[in-house]
Amino acid sequence: MHNPHADESPFNSVPAVVVALAMVIAAVEIVLQLGESGLAGRAQAIGWRLAALEDYGFLPAVWEFMRSTGQFPAEQMLRFVSYPFLHGSFTHAAFAVVIVLAIGKAVGEIFAAWAVLAVFFVSSIFGALVYGELVSVNAPLIGAYAGGYGLIGAFTFLLWVQLAAVGANTMRAFTLIGFLLAFQLVFGIFFGAGYDWIADVAGFVAGFLLSFVVSPGGWARVVAKLRRD
């Protein structure tokens with residue numbers, strides 16, 4: 001018997017804006033992979049990833065220089081929104097794509113497309129700002145994880161509102177972020193880790209708080225649900 005859903009794309013149920021974000025992340029990584037493999041046909045392509053990290057990654061030293069001089073050229077400010085699309089390896093990018101698709105689907109089914117983009121980019125920007133302020137070493141910040149954690153923050157907000165509406169324990173909404181942070185801690189202890197987690201936590205906070213504004217109904221909806229409790 002023919003399954004009527006067999007020919008459907010697995011992306012059909014994922015909001016277009018989420019698919020677009022994931023595709024851009026994947027496309028950039030594919031180009032860099034082609035360069036590293038030599039399939040791009042240009043010798044200098046092997047260094048594309050390093051060049052991209054230097055030109056488009058978020059560098060604390062660059063941010064510190066801009067702050068100290070009071071000069072914020074557009075080509076340097078671009079780093080705040082370009083670094084989420086750069087990754088250190090295929091695996092690094094693949095995990096980012098999974099997070100964006102999985103959590104973005106849940107958020108995008110409730111939030112408008114513009115709100116999903118706002119959460120992703122505002123969380124990325126805020127994550128970079130906090131990273132730049134707290135990290136003294138000039139380790140570049142790259143990857144879609146701050147933005148992805150921002151989507152996790154939005155997802156947590158949705159759970160929090162739902163639990164509050166039925167009078168359940170709202171702290172249960174933070175189970176996912178608690179598990180992820182615990183996993184990062186254990187991973188860092190055994191395998192070593194950088195300071196990217198600072199940007200991730202900041203991204204989560206930004207995504208959660210921004211959801212009070214950009215979610216359907218915004219703060220008024222939250223207050224109404226809480227008052228009905």
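Predicted model: local features only at pLDDT ≥ 70, side-chain atom pairs only at ≥ 80, totals over all residues.

Colleague: Which residues of helix H2 are buried, and where do they lie on the helix?

Modeller: In H2, which covers residues 48–56, the buried residues are Arg49, Ala52 and Leu53. Looking down the axis of H2, they fall within an arc of 100°. So the buried residues line one face of the helix.

Colleague: On to the rings: is the pair of phenylalanine 58 and tyrosine 83 stacked, tilted or edge-to-face?

Modeller: The count comes to 16 aromatic pairs. For phenylalanine 58 and tyrosine 83, the ring centres are 6.5 Å apart and the planes sit at 55°, so this pair is tilted.

Colleague: How many residues apart in sequence are the parts that this pair ties together?

Modeller: Phenylalanine 58 is in the loop between H2 and helix H3 (60–69), while tyrosine 83 is in the loop between H5 and helix H6 (90–108). The pair therefore ties together parts whose separation in sequence is 25 residues.

Colleague: And what kind of pair do tryptophan 63 and phenylalanine 80 make?

Modeller: Their ring centres are 5.4 Å apart. The planes are at 90°, which is over 60 degrees, so the pair is edge-to-face.

Colleague: Is tryptophan 63 buried or exposed?

Modeller: Buried means under 20% relative accessible area. Tryptophan 63 has 10% relative accessibility, so it counts as buried.

Technical notes: Residues numbered from 1 in each chain as written. Heavy atoms only, no water. Buried < 20%, exposed > 50% of the residue type's maximum accessible area, 1.4 Å probe, protein only. Helix = DSSP H or I, 4+ residues; strand = E, 2+ residues; numbered from the N terminus. Arc of directions from axis to C-beta. Phe/Tyr/Trp six-rings, centres within 6.5 Å; stacked < 30°, edge-to-face > 60°.
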